[in-house]
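Subject: structure handover

Hello,

Here is the structure I said I would pass on. My notes on it follow below the display.

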Amino acid sequence: MSSRSPVSHFLPEPKTLAIVGCPFSGGQAKLGVDRGPIHLVQAGLPEQLSELGWKVLFDGHHQFEEIDAASDPPIGKLKNPRLVSRVCEAIAKVVGEHAKKGQLPLTLGGDHSLAMGTISGTFEQYPDACVVWVDAHGDINTAETTDSGNIHGMPVSFLLGLGSKIPEFSWVKPLLKPERLVYIGLRDVDAGEKKILKENGIRAFSMHEVDKYGIGRVVEMALDHVNPKRDRPIHLSFDVDALDPSVAPSTGTPVRGGLTFREGHYICEAIYETGCLVALDIMEVNPSLADEAEVKQTVAVGCSLARSALGETLLGSPFAQTRASTTLLAYPGRSHIQEKDKKLVLAPPSHSTLEKLGSTLVQKEGQESFLAPQNYLTSRYPASSFSPFAINTTFISTTSHPTMFNGVLTPDIV
Ligand SMILES: [Mn+2]
């Protein structure tokens, strides 16, 4: 297992994560999803995350108040409304408290209705957070559009404040703005949900876009939409049913044609690399819906998605080391290199310099980039400032300001 020291814009050192185990299944009808977090922990997830350099807090799975079915009749079509509401409200408090202490809450579901709680908790500490929702489904039905009445298909609409107001859920503040939400992996979206997505201008990358552009470009476009300067906190809510059923078979509502193993992990790795992740949900692992081997496979995938989102890489630490080397550049006394808002601001090369380097400025959708070979870097900055990892570094400008580059350094080769 390779690891790198986590880099974060929002979490203090030592990096601490709190596992919030939620054995809860009240947002849908299938038994067993409440066993998901128990299996994930038993598979060694806390230890695996410690190995990645995190201080891991886990003090047992949450116990929820029991509300029997007789005292929790449907409200409209909504099933188990009081139970779901109260559990989510409790989880919102727990997640919010961890976030306020500077810890990264990792919530293990349990069904996806829980995200009503986790995301509410994130907003308590990070009101300008954005949400990346990875799922086969939109989970954005309202009390009016739902067919099944299962609340795990509805948490996003509550967070956005859509649909009729239900007093039982009045604690959910509509803090999520449509432009701060992006989906990846959709392929089973109800007609009512399609209408909601369209009317609210919510950006969604379905499997069609993943096929068309490739996962790398999709994640880049998704982040450009919700987090263009990569300076907002990110809450990643990952439903394992986003993955193809051949990858994650043991889940409540599998839909064929999903993300490959690598596509799913790439999303997690790319979000970790932004340094903006502040909260993570791994949802809908249900260890009772497949044979033993498939359950084991699904639980293992849940663990590896979490590890990828929390710093595990395939080949070690090129990104972390490049970042470390760039901080060396930010010493005072050089007007063309400044540290600003935790980012390096570099003067861009002139066109004639670029020509000499055999490099050109590439402009695309508000970003500019050029490949800076070592000779450019060493001619302008002392060679000692660079680790070998900075060789052939692409400088990407995330501003349209003509005289400055926000120093985002992306290593092209190692
Ligand atoms: Mn979901």
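Arg230 is partly exposed because 18 other C-beta atoms lie within 10 Å. For this label, a residue is buried if 20 or more other C-beta atoms lie within 10 Å of its own, exposed if 12 or fewer, and partly exposed in between, with C-beta atoms placed from the backbone. Arg230 sits in the loop between H8 and S7 and has a positive phi of about 55°, although it is not a glycine. Helices (H or I, at least four residues) and strands (E, at least two) are DSSP runs, numbered from the N terminus.

The model is predicted: local features need pLDDT of at least 70, side-chain atom pairs count only at pLDDT 80 or more, and totals for chains, interfaces and linings use all residues. Residues are numbered from 1 along each chain as its sequence is written.

His9 lies in the segment before strand S1 (16-21), and it counts as partly exposed because it has 16 C-beta neighbours inside 10 Å.

Most residues other than glycine have a negative phi, and most peptide bonds are trans. Glu284 lies in the loop between S8 and helix H10 (292-309), and it counts as buried because it has 32 C-beta neighbours inside 10 Å. A cis peptide bond joins Glu13 and Pro14, with omega about -10°; Pro14 is in the segment before S1. The bond from Gly109 to Gly110 is cis too, with omega near 5°, and Gly110 belongs to the loop between S3 and H4.

Overall make-up

The chain has 13 helices and 14 strands. Of its 414 residues, 46% are buried. Two residues are in contact if their C-beta atoms, placed from the backbone, lie within 7 Å. Among contacts with a separation of 6 or more, 72% are between residues 24 or more positions apart.

The sheet

Eight strands form an open sheet in the order S2-S1-S3-S8-S7-S4-S5-S6, with parallel pairing. Two strands pair if DSSP finds at least two bridges between them. Strand S2 (55-57) and S6 are the edge strands, each pairing on one side only. Neighbouring strands are turned by 15° against each other on average, direction ignored. Axes here are lines fitted to C-alpha atoms, for helices over the stretch in contact, and angles run from 0 to 180 degrees between N-to-C directions.

H4 packs on this sheet, where it touches strand S3 (104-108), strand S4 (130-134), strand S7 (234-239) and strand S8 (277-283), and its direction makes about 175° with that of S8. Helix H8 (residues 215-226) lies across S4, S5 and S6 and runs at about 160° to S5.

S1 is mostly covered, with five of its six residues buried. S1 pairs with S2 in the parallel sense over three bridges; Thr16 stands opposite Lys55, and Ala18 opposite Leu57. Five bridges join S1 to S3, also parallel, with Gly21 opposite Leu108.

Strand S5 (residues 181-186) and strand S6 (residues 203-206) run parallel and are joined by four bridges. The chain passes from S5 through helix H6 (residues 191-199) to S6 in a right-handed β-α-β crossover. Right-handed here means that, with the strands pointing away from the viewer, the path from the first strand over the helix to the second runs clockwise. Leu186 stands opposite Ser206 in S6.

The H3/H4 pair

The axes of helix H3 (residues 81-100) and helix H4 (residues 115-125) come within 7 Å and cross at roughly 35°. The crossing is right-handed, that is, the near helix is turned clockwise from the far one by less than a right angle. The contact has seven nonpolar, seven polar and four charged residues. In this classing, Ala, Val, Leu, Ile, Met, Phe, Trp, Tyr, Cys and Pro count as nonpolar, Asp, Glu, Lys and Arg as charged, and the others, Gly among them, as polar.

Gly96 is found in H3 and counts as buried because it has 21 C-beta neighbours inside 10 Å. Leaving aside neighbours within four places in sequence, Gly96 is in contact with Gly121, Glu124 and Gln125. The C-alpha atoms of Gly96 and Thr122, 26 residues apart along the chain, are separated by 5.7 Å.

Regards
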